[in-house]
Amino acid sequence: MTTLYGAIEAGGTKFVCAVGTSPNDLRETRFATTTPDETIARAIEFFRAQSRVAAIGIGSFGPIDLHRDSPTYGYITTTPKPGWRNTDLVGAIRRALDVPVAFETDVNAAALGEHRWGAARGLDTFIYLTIGTGIGGGGLVSGKLMHGLIHPEMGHIRLPHDLTRDPFPGACPFHGDCLEGLASGPALEKRWGARAETLPADHPAWELEAHYLALALVNYICTLSPQRIILGGGVMEQAQLFPLIRREVVQLLNGYIQSPAIIEQIDTYIVPPALGARAGVLGALALVVTEDG
Ligand code: ADP
Ligand code: ZN
């Protein structure tokens, strides 16, 4: 009998819960993220109605505590999301379902999913960024998921902000005009007065958005030397962003980084997730699946 595994993509907007072993047999459900009690109860209810799983992987929005020896290991910590500060997500799932639980950032999990089944197969150093309600980044360096002091917070880097071109002060509650403050979905909405998904493809919003994302990517390229960059999240549904970002990254690097990946193959260097909207939940699954079913 096949051993089944569980996966939870814990997002600020929605939770995706799934059972299976690979992209081929995943059974999933998704529901809105409401209060912690209600949302976690729905996740538990989903798993109780399924066949028993050997372990559950969770990829979560954050910041989260990943230090196993910390009293708040498995918690969502300083999130600005109302009601979710100091939520013991791992503990609640483990106690209710009595299974081992693996815990990661949503973006590190998505990166792992892309590494196993998607656009980062065979690579050992790459990043996965989500541009959605927030901006986050994760990935592998020399084959290992990026961890450190806490975990990377690639969305909160500082960029040049030309106030003449873009007087919008930024929307990050902690930093104002950090990358997330300038380029997240809510930043787009505040700057232009309309939800990002309603702005037409030729709106000037996208040129500016591509500019900020290109600046950010250049910083990651110069610091981490990724072999590929995967851009996911709701905002990247705007497919016209990809050529704009690629062009500006090449311009900004100005021939300095002599790699064919950038000089000749930028179209396969900056790419959407091959797993599409399932990158997050499959990544959570990849945290616990030991062999393909
Ligand atoms: P989350 O980050 O909450 O997990 P998403 O990645 O879907 O979820 O991001 C939601 C954000 O992305 C919202 O700010 C929304 O306005 C924006 N968004 C969603 N779909 C699109 C789209 N097709 N085009 C542009 N922006 C979008
Ligand atoms: Zn910030």
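**Metal, ligand and backbone: a conversation**

Visitor: What spacing along the chain do the donors of the zinc ion (ligand 2) follow?

Guide: This is a predicted model, and in it the zinc ion (ligand 2) is coordinated by His156 through ND1, Cys172 through SG, His175 through ND1 and Cys178 through SG. Going along the chain, these donors follow the spacing H-x15-C-x2-H-x2-C.

Visitor: Is the site of the zinc ion (ligand 2) tetrahedral or irregular?

Guide: Four donors count as tetrahedral if all angles lie between 85 and 135 degrees. Around the zinc ion (ligand 2) the angles among the 4 donor atoms are 102 to 120°, and the donors lie at 2.1 to 2.4 Å. The site is therefore within that cut-off, and its geometry is tetrahedral.

Visitor: Is Cys178, one of the donors, buried or exposed?

Guide: A residue counts as buried when its relative accessible area is under 20%. Cys172, another donor, has a relative accessibility of 7% and so counts as buried. For Cys178 the relative accessibility is 0%, and therefore this residue, too, is buried.

Visitor: How much of the area that ligand 1 exposes when taken alone does the protein bury?

Guide: The shell around ligand 1 has 13 residues, which by class are 3 nonpolar, 7 polar and 3 charged. Polar side-chain atoms approach oxygen atoms of ligand 1 from Thr13 at 2.4 Å, from Thr133 at 2.6 Å and from Glu197 at 2.6 Å. Taken alone, ligand 1 exposes 570 Å², and the part of this that the protein buries is 77%.

Visitor: Which residues does the cis peptide bond join?

Guide: Most peptide bonds are trans. The cis bond described here has an omega of about 5°, and its proline, Pro63, sits in the loop between strand E4 (56-60) and strand E5 (75-76). The residues joined by this bond are Gly62 and Pro63.

Methods
Residues are numbered from 1 along each chain as its sequence is written. Chains are lettered from A and ligands numbered from 1 in the order in which they are written. This is a predicted model: local features need pLDDT of at least 70, side-chain atom pairs count only at pLDDT 80 or more; totals for chains, interfaces and linings use all residues. Side-chain values use heavy atoms; hydrogens and water are left out. Helices (H or I, at least four residues) and strands (E, at least two) are DSSP runs, numbered from the N terminus. A residue is near a molecule or strand if one of its heavy atoms lies within 4 Å of it. A polar contact is a pair of N or O atoms within 3.5 Å; within protein, one must be able to donate a hydrogen and the other to accept it, and residues adjacent in sequence count only if both atoms are side-chain atoms. Accessible areas come from the Shrake-Rupley method with a 1.4 Å probe; for residues, only the protein chains shown count as cover. Ala, Val, Leu, Ile, Met, Phe, Trp, Tyr, Cys and Pro count as nonpolar, Asp, Glu, Lys and Arg as charged, and the others, Gly among them, as polar. Donors are N, O and S atoms within 2.8 Å of the metal (3.2 Å for Na, K and Ca); water is not among the atoms, so sites may look incomplete. Four donors count as tetrahedral if all angles lie between 85 and 135 degrees; four count as square planar and six as octahedral if opposite donors are over 155 degrees apart and all others between 65 and 115; anything else is irregular. Buried means under 20% relative accessible area, exposed over 50%, partly exposed in between (1.4 Å probe, protein chains only).
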